[in-house]
Amino acid sequence: MSLTMRDAFGQKAVELGKTNDRLVLLDADVSSSTKSGLFGKAFPDRFFNCGVGEANMVGVAAGLAAAGMHPLVNSFALFLVLKSTDQIRNDLCYNKLPVILAGAYSGLSDSYDGASHQAITDIAVMRAMPNMEVIAPADNTQAAQALEYALTRQNPVYIRLNRNSLPDLPASPDFASGAPVKLRDGSRVTIASTGITAAMCMEAAALLAKDGIDAEVFSVPFIKPSGARGIASSVQKTKCLVTVEEHNVVGGFGSSCLETLVSSGSGFAYDAIGIQDTFTETGGYDELLAKYGLSAAAIAERVKAFLAKR
């Protein structure tokens with residue numbers, strides 16, 4: 001847990017760069033924050049600091065991909081996604097180019113910089129793009145696996161990264177399949193998490209167990225293509241689904257789960273935990289998670305209230 005996700009991701013990029021000379025990394029003058037500077041130090045001829053110009057950087061990445069390279073673009077999630085939306089859509093997705101977009105400091109993790117830097121809409125934007133895949137790793141292992149997976153793809157992939165240290169979770173035996181990881185067995189309610197909320201959900205499940213509520217918990221890193229198919233049998237069993245994401249509940253992970261599961265025809269009760277369609281604010285990370293209902297205690301209370309209505 002001592003290594004931050006950004007450090008783990010930066011180190012994995014260096015490791016993969018040793019055996020893949022097509023891997024190039026593009027930075028928007030934030031390499032010390034995203035840790036992409038580790039790659040730049042190891043491979044200076046394959047590292048490009050494009051300056052504070054995210055849209056131009058994505059355009060450069062498109063050109064490199066068209067020329068046979070496999071670019072990794074690493075910058076703050078909010079600026080990478082929103083300032084480059086035109087280039088992501090028209091250059092990368094329309095032409096189905098193999099560019100990896102790594103959105104660092106996602107969710108509330110850039111906590112003290114406030115709403116102008118906190119990325120709470122990036123999943124919704126990116127999963128709406130044709131030909132784009134979207135992955136939200138839950139821990140350092142999943143972040144490394146996501147990068148390995150993305151390098152096998154011939155289309156754009158968005159990887160959502162957190163800035164902080166995170167607890168290690170059970171590893172996926174076959175990450176590339178897109179299947180969710182079952183973290184805990186249960187029979188009363190299915191809790192599906194994406195990204196770093198998996199750790200909070202495990203703590204919440206332990207709190208719920210003290211009240212006799214047996215929760216089945218999943219980490220679902222693949223948002224597009226949807227890994228929610230892998231929780232269908234659990235939802236059929238419990239008839240109760242709660243999704244948890246560090247993102248706006250509008251158009252995000254929970255929405256993708258519903259789109260996938262409702263087509264199965266089995267009825268279930270549902271609740272979405274996440275940012276409730278509001279702009280967030282400045283503060284300590286843990287305090288913000290609690291304020292917006294994403295701490296373990298807040299998740300447990302929300303699940304109890306949800307089940308009480310059943």
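A nonpolar core is taken here as a set of buried Ala, Val, Leu, Ile, Met, Phe, Trp, Tyr and Cys residues joined through side-chain atoms within 4.5 Å, where buried means a relative accessible area under 20%, exposed means over 50%, and partly exposed covers what lies in between (1.4 Å probe, protein chains only). The structure is a predicted model, in which local features need a pLDDT of at least 70 and side-chain atom pairs count only at pLDDT 80 or more, while totals for chains, interfaces and linings use all residues. Residues are numbered from 1 along each chain as its sequence is written, and side-chain values use heavy atoms, with hydrogens and water left out.

The largest nonpolar core holds 61 residues, of which Leu72, Val189 and Ile191 touch the most other members. Helix H9 gives the most to this core, with 7 residues; helices (H or I, at least four residues) and strands (E, at least two) are DSSP runs, numbered from the N terminus. Apart from this core lies another, of 45 residues, among them Val73, Phe79, Leu92 and Met126. In soluble globular proteins, nonpolar side chains tend to be buried together. When neighbours within four places in sequence are left aside, the residues in contact with Ile191 (contact means heavy atoms within 4.5 Å) include Cys201, Leu208, Val217, Phe218, Val242, Val244 and Val303.

Val303 is also one of the buried residues of helix H13, together with Ala296, Ile299, Ala300, Phe306 and Leu307. Seen down the axis of H13, these buried residues fall within an arc of 125°, so they line one face of the helix; the arc is that of the directions from the helix axis to the C-beta atoms. Among the elements that cover the buried residues of H13 are strand S8 (189-193), helix H9 (197-210), strand S11 (240-248) and strand S12 (269-275). H13 itself has 13 residues and reaches 18 Å from its first C-alpha to its last, close to the 18 Å expected at 1.5 Å a residue, the expected span being 1.5 Å times one less than the number of residues.

Leu294 is placed in the loop between helix H12 (285-291) and helix H13 (296-308), and this loop residue is buried, with a relative accessible area of 0%. Beyond its neighbours within four places in sequence, Leu294 is in contact with residues including Thr197, Met200, Val244, Ile273, Ile275 and Ile299.

Salt bridges, each defined as a side-chain nitrogen of Lys or Arg within 4 Å of a carboxyl oxygen of Asp or Glu, come to a count of 13. One of them joins Glu15 and Lys12, with the closest N and O atoms 3.0 Å apart; the two residues are 3 residues apart in helix H1 (residues 5-17) and are therefore separated by about one helical turn. Glu15 is partly exposed, at 43% relative accessibility, whereas Lys12 is buried, at 11%.

A network of salt bridges links Lys182, Asp185, Glu216 and Lys237. Glu216 is buried, at 2% relative accessibility, while Lys182 is partly exposed at 41% and Lys237 is partly exposed at 44%.
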